[in-house]
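Dear colleague,

Please keep it open while you read.

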Amino acid sequence: MQHVAVNPWVAVAYLVAGVCFILALRGLSSPATSQRGNRLGMIGMGVAVATTLVTHFPMFVPPEEVGTLGFDNWGQPRLDWTAALEILAAIAIGAVIGLTVARRIAMTAMPQLVAAFHSLVGLAAVLVAVAAYLNPVAFGIGELVVPLIGQPFAVIEPVSRVEMGLGVAIGAITFSGSVIAFLKLNGTMGGKPILLPQRHLVNLATLVAIVLLIGWFTQDQSPFVFWAIVGLSFSIGFLLIIPIGGADMPVVVSMLNSYSGWAAAAMGFTLGNTAMIITGALVGSSGAILSYIMCRAMNRSFLSVIAGGFGAVESAGAAAATDRPWKRGSAEDAAFLMSQAEQVVIVPGYGMAVAQAQHVLREMADKLKEEGVRVKYAIHPVAGRMPGHMNVLLAEANVPYDEVFELEDINAEFATTDVAFVIGANDVTNPAAKTDKTSPIYGMPVLDVERARTVLFVKRSMGGVGYAGVDNDVFYRDNTTMLLADAKKMVEEIVKALG
């Protein structure tokens, strides 16, 4: 078998890439440094890709070795020109697709895009594992055995079988789970949980079967065992995400992000690629930490997230809007109330994202500040359909970072706030989370907008409820005025009324 050595300069290049990825994550922890973090991530990925190409392409090897398929003195596989051109063509096609999608995608569709990208990472891990299984010698993880009788066959090292089994399992789960998440986020499947009979028992049995098959795979590399792992892993991905409701999609997105990282790390071990191991571990661990933070923000159990059991319980609290008295206001009313206020706290939600009202909302805030009103933005960790969704939208509208506050930093201020301006945020402002034990959002920390002197609630109509399917008691309180209209249109009218 060919044992892969490590070229010192290659190791250094991958170390540089790893440092860039770490600094990128550090930069992405704050909106103020997110652009720098993105640039560092791009630089790190560029270094990693360039290093991989240089160590494999025929143009960078001695002329006498060009055209041969083998290994150099450092254990790096050599590619002929046909394979090299195929790789370059694949990179070019992917780059064109990526650039086109990135330029055309609407900010409201960003959660779907993230889910789609996660699915591609998972599928890539599966395809790499399949290629390594079919030709382990070319990947340097097996050796060719020539028996006295019969056809030669390749034997995969036991350690590589473990890595391959874990990589293909996590990758398949990530792919199929991300596909379901995409369909739910896109509205194709609908946000309500699909409750399968005996789902917990089926999920547990399937997961146990996958673990046992991976153990069996270390002793028997027969096609049946390998493809059984692949098939069951694809199935459990669907089964885990289908019963999860749309209101819990932010946690699902961060969880699938973590899965994609671990799949890449496992394949990095299989390929002996340091950059993949570092990158995958960073993405996997950061995604797991983010999932834990999101679970705390929603009062969910992290273990129940992994088991796919949260958000899947039918509840008496998930009812349609009730017929109760409420007050309706106009844009002129809202403009007058806010212009007379000392402090206005704006609470954005998915309704703002759908209407793409972030730019006109910032314009409204600017006009209020010109009249001496103090304006702040209150962000709930799970507002929108992915972690940081509202932060991204506000940053796109150039909202100053020092005006944006997280739930724990601003919740106490609502009691001394003159106007809470809620624009399309239902579930994250619903006091039922604090009082109604039958509600599917019970226990989730929410923004206490009802404590403000006046609540202005922008909503399309009184007929709908939030993504969790729960009516909001704030609508019917004496200090609440409902502004029923498209969010962008309503804010534009308020801007005109402010002069």
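Phe234 is partly exposed, with a relative accessible area of 21% (buried means under 20%, exposed over 50% and partly exposed in between, with a 1.4 Å probe and protein chains only). This is a predicted model, in which local features need pLDDT of at least 70 and side-chain atom pairs count only at pLDDT 80 or more, while totals for chains, interfaces and linings use all residues. Residues are numbered from 1 along each chain as its sequence is written, and side-chain values use heavy atoms, with hydrogens and water left out.

The structure holds eight aromatic pairs (rings of Phe, Tyr and Trp, the last by its six-membered ring, pair if their centres lie within 6.5 Å; planes under 30 degrees apart count as stacked, over 60 as edge-to-face and the rest as tilted). One of them is stacked, because the rings of Tyr133 and Phe226 have centres 4.2 Å apart and planes at 5°. Since Tyr133 belongs to helix α4 (residues 110-134) and Phe226 to helix α7 (residues 223-241), this pair ties together parts that are 93 residues apart in sequence (helices are DSSP runs of H or I with at least four residues, numbered from the N terminus). Tyr133 is buried at a relative accessible area of 10%, and Phe226 is buried at 0%.

Phe234 pairs with Phe175: the ring centres are 5.8 Å apart and the planes at 80°, so the pair is edge-to-face. Phe175 lies in helix α5 (residues 158-185) and Phe234 in helix α7, 59 residues apart.

Best regards

Notes
Helix = DSSP H or I, 4+ residues; strand = E, 2+ residues; numbered from the N terminus.
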